[in-house]
Amino acid sequence: MSKVIVMDHPLIQHKIGIMRVKTTSTKEFRDLVSEVAMLICYEATRDLALADLEIETPLVKTTVKEIAGKKLCIVPILRAGLHMADGILNLIPNAKVGHIGLYRDEETLEPVEYFCKLPTDAADREIFVVDPMLATGGSAISAIKQLKARGITKIHFLCLIAAPEGVKHLQEAHPDVDIFVGALDERLDENGYILPGLGDAGDRIYGTK
């Protein structure tokens, strides 16, 4: 079964607390999404493989460490995941970026992919799927399924806030994908919103309500 890592760092908890406040401005909310995503990514990349690299400092030749292999790829789920990707790129500016777009079918209530664009070498990279909210888990499950269908196996999922129901469903559907969560909330309400949550992340990022 995959790991579920809930962040306990004071900075993450402090910033998420500000995000929850309904009067937090669009600009501040947007900035906080990027900042918290960067901090979560710092923890999510803890176990990346390293390789030796011979370099020359201004004084001597020495051996340092570098991330091994083809490095990283960030895949935000549109649209709300975009600002998480921006924050992670501040930390790892050379990472490649893919995009997955999903909408919910009004009759079946199932996520439907409408867009997917990935780097040509995505299957060789560590993939970090990002979406601010993990509520029912439907979008995350569908996005990861689409990646696996394209031969991608090294996948991690990062979110700001999750409901226990979403974590459970994602683990059941993709037991090989580790989940990194900024805060694990109490439950979903009857409309599928996370409680206490922070409202609709996409609306608060883009100022659409």
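Author: The largest pocket holds about 800 Å³ of space. Its lining comprises 28 residues, and those closest to the centre of the pocket are Arg 104, Asp 131, Met 133, Ser 139 and Asp 200. Two or more lining residues come from each of the elements β4 (72-78), β6 (99-104), β7 (111-117), β9 (133-134), α4 (138-149) and α6 (201-206). By class, the lining of the largest pocket has 16 nonpolar, 8 polar and 4 charged residues.

This is a predicted model, in which local features need pLDDT of at least 70 and side-chain atom pairs count only at pLDDT 80 or more, while totals for chains, interfaces and linings use all residues. Residues are numbered from 1 along each chain as its sequence is written, and side-chain values use heavy atoms, with hydrogens and water left out.

A pocket here is an open set of points on a 1 Å grid over the protein atoms alone, where a 1.4 Å probe fits, with protein on both sides within 12 Å along at least five of seven lines; lining residues have an atom within 4 Å of a point. A volume is the space filled by probe spheres set on the points, which are joined across faces, edges and corners. Ala, Val, Leu, Ile, Met, Phe, Trp, Tyr, Cys and Pro count as nonpolar, Asp, Glu, Lys and Arg as charged, and the others, Gly among them, as polar. Helices (H or I, at least four residues) and strands (E, at least two) are DSSP runs, numbered from the N terminus.

The second largest pocket has about 190 Å³ of volume. Among its lining residues are Thr 45, Leu 48, Ile 67 and Lys 71, and this lining divides into 6 nonpolar, 2 polar and 1 charged residues.
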